[in-house]
Each structure stands twice: as structure tokens, then as C-alpha cells.
Amino acid sequence: MTTIGAAGRVGQYTLDNGLRLVTAPASTGQVASVNLWYGVGSRHEVPGRTGFAHLFEHLMFQGSGNVAKGEHFEEVERLGGDINASTSTDRTNYYETVPEHALDRVLWLEADRLETLRDGMTQEVLDNQRDVVKNERRQRYDNQPYGTALERILRLAYPEGHPYHHPTIGSMADLDDADLDYVKSFHKAHYGPDNCVLTVVSDLDPEDVLARVEKYFGHLPARDFVPEAPDASLPEPLGGPVRDAVTETVPAAGVFLGYRVAAYGEREFDVMHLASAVLGQGQGSRLYRSLVVDRPIAADDGGGAADILPFRYTDSLLLVNMLAREGVSGDVLEEAMREEIAKLAAGITEEELDRARAVLERDHLQSISSPSGLADSIGSCTQLFGDPELAYTWPERWTDITAEEVRAAAERLMVDDNLLVVRFDPETAGADAAPAS
């Protein structure tokens, strides 16, 4: 199947094995950005088997049947390219940007590890990468101030057994318990051409790119069995406020507030995305002006206090977090934040709405300004929504949202019944310290 859209910008093709290829022109010549989105993330894991989607982000670079350990990275870097990967709840992606003449080599490397990764997977490789993930856990979560905030937020937001209850890093105990056969079976179940969106952004003719992709990926078989994703529905409301209080060695009190909102892609999500920008994105946002500049009781975060975790298959989370200034208690900061949030229900001005639209549009346009960023956005829109052209048109979703819609949604959703609170307080902090003057 072939489709050309967005005034000829986007080419869409589906190979016989189910692989979806999307092509788009690069903003700069002589480079090719390759981005593969596999439809497997931490939501596909089950209790007792967490952390495997993220583990494969590491294992996919540890050799295959035809490529030695680490050689994939080394080849791309020798070509002067950039290479990396990432994992989220809903997907795992792998991406490279290389000189245009190296596109064939990158496509071969990606097709080879999709086809023969299990041939190169040994117990030694698994043990080594488990240790790497454990070290990542220590560095990014356990030994970082506030490092376990997201993990605690997810536990409060989603019930035990829910596929979004755990972070992508997973459980170290689960990884320790996994044997090599299970790890290979996870790859077989989730890594197939029929579960992949391959995006190529370059100045090459789309039919030329298609021919190359057919050459390297066309012979790969689709998966024999497609596993069903765990149920991500939420039949019960949050029942807030729910809290998790932590006292540990942190430099200042930290307040993390969360609210369930609609799934990524729904209109209510877009409405609340605008609400988050009014509230806490940029130095013109309410929280920054009120609690950083005017009072001031919160540390200067540059205007990054609010945003949304975009979950496609369950309720997303609008998060608001700030750190207290020296001498300010967590209680004082939390009360002030919740008071400012409650004011959204009284309404926002047209000027605030215009500013919020501008902030979100700027961020989106910056994200697609490079070939790599555009390829990633196209992969996302194709994998999650089946529409790669959304990468170009996403800001249009905010144009007809009204100030009244934002007010009404905030009044309904940003309430105590829908609130979770994670608090970090220093071990030696004075609980009732007065705000700094």
C-alpha cells in the first residue's frame, strides 16, 4: 500500500510483512535520519515480569547473529553519525542520523538485529546488561535527590497490577529472576516487522527509500503470534487526595502534585495541556510569577513547573512540581501551589490562552526542526495514531480550544478527589519555617 500526503511531504508504505515505512524530506541535505518505533513498552509487561522493554533497549546493541557486541554503535559513530534509543510506557524506539551515503548500512544493521538478535544473545550478555540496568537504576533513581518521585507518582495514580503502575526501569528483582529463554521469548513476541514503524527523513526519492527498505526488511517474516496488551482501563476514580510522604537527604522540600486527565490524543488532553502551560510553563506562567517572582517561596525552575505525561492507552497525568526555597517548608509550598491551581477554576484570560498556545507551538516546532526530531515525531504519530501527518499539523489541535473549555476542565479535574501528592522533606528541615523575605 502506498500513500503520499501533506502536499507530497509524507510517503506511507506498508510492506507485505506488515512493516510500515514513512518517508519525509529533510530540512538539511546530505543526511538521513532513521527512526524505528516498536509497539512495545512497559505497559506490555505483567506483574513479576517488569523492566523487559527497557532491558531490550540495551540488549539490542549487544550483538546479533552477524554483528559483534557493540559493533552497531561503533559503525554508526565511525560514519560520523548519531545513535541512541529510548523506552516509554507505550513504545521502544531506536534511531540514527548518518550521512546519506550510509543509509544502506544503517538499514542493514537494523534489519539484521531485528532478524537475528536472539542468535547473538547469550547468558553472559544478559547478565552484563542486567548489571548495566541496575547501575542505571542506582544513578537515576535511588541515588538522585527526588529520583524516586516518578515511581511513587505512578504507584499512587494507577492501582496494583495496572500496566502503568510501574516505571519503565522495572523491578530489579524481576530482572534477576528472568532466564535467557524468557528474554528471548519476549523479543520474539514483540519484535517483528508487523510491530514496527520505520521512518526515514532524507532528501532521497521516496521510491528509492522504499526499494532499499524492501531489500533489507522485505524478507523478514511477521510474528507468528501477537500478544494481547494487559488491560489498561481505570474503572475507579482516583479517590484522592492520596499521598506518599518521604523524609530523606534532599537539599530542599519538594512537592509533586498529579491529576489524572484524558488519554493522549483526546481533546480533553489538549485542553489540559493548555491548562498546564497557563499554570507552569515558561516565566510568564502563573506559578512562576506567583511563587518564584512575587512571594517568593519556590526555587527558580526557569518556568518548568507543570507538564503532562502523555499516555495513549489510559489516563494521562498532569504533573505540577516545585522545590522550596531555603527556609521554606514543604507545607507552606504545597498549600501555595494548591491555592494557585484552584484559581484556574475561576477562569483564564484570552491573553493567557494565546500565550499557552504559543508556548506549546514553539516547543513542538523546535522538536521537529531537525531531521532526527521530525523522524521521531512522525514515528510517534504513526505508531500511536496511524497518521504521520499529525507531526506537521499538531498545533492546529489547540487553535479552537476556548478559555471556557480550559476553565471548565480545570474545575472538573484539578480537584482534591483527583489529586495525588508526593512530598520529599529534608531529614533536618524545620517544618514550620517562615518564607524567606
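These legends describe close-up views of a predicted model.

**View 1. The largest nonpolar core holds 65 residues.** Seven members touch the most other members: Leu-257, Met-272, Leu-291, Val-320, Met-322, Leu-333 and Met-414. Helix α9, residues 267–280, gives the most to this core. Its contribution is 8 residues. Domain 1 (11–218) and domain 2 (242–426) each supply at least three residues to this core.

**View 2. Met-272 and its contacts within the chain.** Residues up to four places away in sequence are not counted here.

**View 3. A second, separate core contains 53 residues.** Phe-56 and Val-67 are among them. Leu-117 and Met-121 are also included.

**View 4. Glu-326 sits in a loop between a strand and a helix.** The loop lies between β11 (316–323) and α11 (330–342). Glu-326 is exposed because its relative accessible area is 77%, over the 50% cut-off. Pro-251 is 75 residues from Glu-326 along the chain. The C-alpha atoms of these two residues are separated by 8.8 Å.

**View 5. Residues 179–359 carry a UniProt domain annotation.** The unreviewed entry lists this span as "domain: Peptidase M16 C-terminal". The end C-alpha atoms of residues 179–359 lie 47 Å apart.

Notes:
Residues are numbered from 1 along each chain as its sequence is written. This is a predicted model: local features need pLDDT of at least 70, side-chain atom pairs count only at pLDDT 80 or more; totals for chains, interfaces and linings use all residues. Side-chain values use heavy atoms; hydrogens and water are left out. A nonpolar core is a set of buried Ala, Val, Leu, Ile, Met, Phe, Trp, Tyr and Cys residues joined through side-chain atoms within 4.5 Å. Buried means under 20% relative accessible area, exposed over 50%, partly exposed in between (1.4 Å probe, protein chains only). Helices (H or I, at least four residues) and strands (E, at least two) are DSSP runs, numbered from the N terminus. Domain bounds come from an automatic or database domain assignment. Contact means heavy atoms within 4.5 Å. UniProt positions are given in the numbering used here, feature names are shortened, and annotations may be inferred rather than shown by experiment.
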